[in-house]
Every structure is written in structure tokens, then in C-alpha cells.
Amino acid sequence: MRNLKRLGCEIKIMEKIFGYNNISYPKDGSWIKLNYKLPQHKCKYNLNTITVLIIISGSYDSTSVSECYVDRDLRIQKGRKLEKLPHTHDKKYDEQGYNWLCFENPDVFVSLLDFLNTLKLYFTDPFEYQEI
């Protein structure tokens, strides 16, 4: 069963980091949508802010974040071209405008906040990102 008390505490911290109006989620805690401002210093993206959809597993507490999706239109500049980001794939939320952002071993995320730190690392330079 999803630990809603723990999830609620982590969401409150996220609201302080990202702003209350930049996070949405249902009462059952099955997902979180986050307006995420992309870093533009090392890599150049075609968007400044994206929506990140995080799926929370039904057994969140004994398991980690299930899946993560990012805006389908997100591209990164590589040379003179805009390319799809590495580690992103079409999957079940494609029709809703998202691509799956694949982390090879999601079990390494101890918490939702740990997962967000990994996202930050990834978006700093997706081409240099390596699994931990």
C-alpha cells in the first residue's frame, strides 16, 4: 500500500523547492505533475520549462518511483541540430504528449527527493549522464 504520509511530507518539500503552483497530484498519490525549469547553462533546450509526470507505485515505501515521463516535444541542441533526448522513448503516455524517461535501475531511488536529484543531474547534461 502506498505510504501517503511519507509521500505527503515529500510533496511538501517539493512545493517549497518548486513552488506550490508548480505541482499537482491526486489524493491517492498515484502520480505527480511537476512544472520543471530546465537548466540552460551547459545544454541548450528548445523549451525553458517542461512538465514532468512521475508515476508513484502502489507500494511506494517498499518500492521506489515507478516511471517518469517528460514533454514529447522536448529537444536538446547537439551541434547545429535539435535532437530527442537520450534515454527517452515513446510509451503509453505518448498520446498525452509525453515520452518515457528511462532510468535503468529505478530501485536506486530511496525517495522521491532522491529521484528529483537524479533528474537534475540528468538535465544538466543528458549526453554525459550515466546510471549510478
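Start by selecting Val 52, Leu 112, Leu 119 and Phe 123, the residues with the most contacts inside the largest nonpolar core, which has 29 residues; such a core is a set of buried Ala, Val, Leu, Ile, Met, Phe, Trp, Tyr and Cys residues joined through side-chain atoms within 4.5 Å, where buried means under 20% relative accessible area with a 1.4 Å probe and protein chains only. Helix H1 (4–18), strands E2 (31–37), E3 (49–55) and E4 (67–71), and helix H2 (112–124) each give two or more residues to this core, and H2 gives the most, with six; helices (H or I, at least four residues) and strands (E, at least two) are DSSP runs numbered from the N terminus. The model is predicted, so local features need pLDDT of at least 70 and side-chain atom pairs count only at pLDDT 80 or more, while totals for chains, interfaces and linings use all residues. Residues are numbered from 1 along each chain as its sequence is written, and side-chain values use heavy atoms, with hydrogens and water left out.

Next, colour the open sheet of six strands, whose order is E1-E2-E3-E4-E8-E7 with antiparallel pairing (two strands pair if DSSP finds at least two bridges between them). Strands E1 (23–24) and E7 (88–89) stand at the edges, each with a single partner strand, so one side of each is left without a neighbour in the sheet. Between E7 and strand E8 (residues 98–101), look for two bridges, and find His 89 opposite Trp 100 in E8.

Finally, select Ile 17, Phe 18, Tyr 36, Lys 37, Leu 113, Leu 116, Asn 117 and Lys 120, which line the largest pocket; H2 supplies the largest share of that lining, four residues. A pocket here is an open set of points on a 1 Å grid over the protein atoms alone, with protein on both sides within 12 Å along at least five of seven lines, and lining residues have an atom within 4 Å of a point.

Key:
Buried < 20%, exposed > 50% of the residue type's maximum accessible area, 1.4 Å probe, protein only. 1 Å grid on protein atoms, 1.4 Å probe; cavity = no way out; pocket = protein on both sides within 12 Å on 5 of 7 lines; lining within 4 Å.
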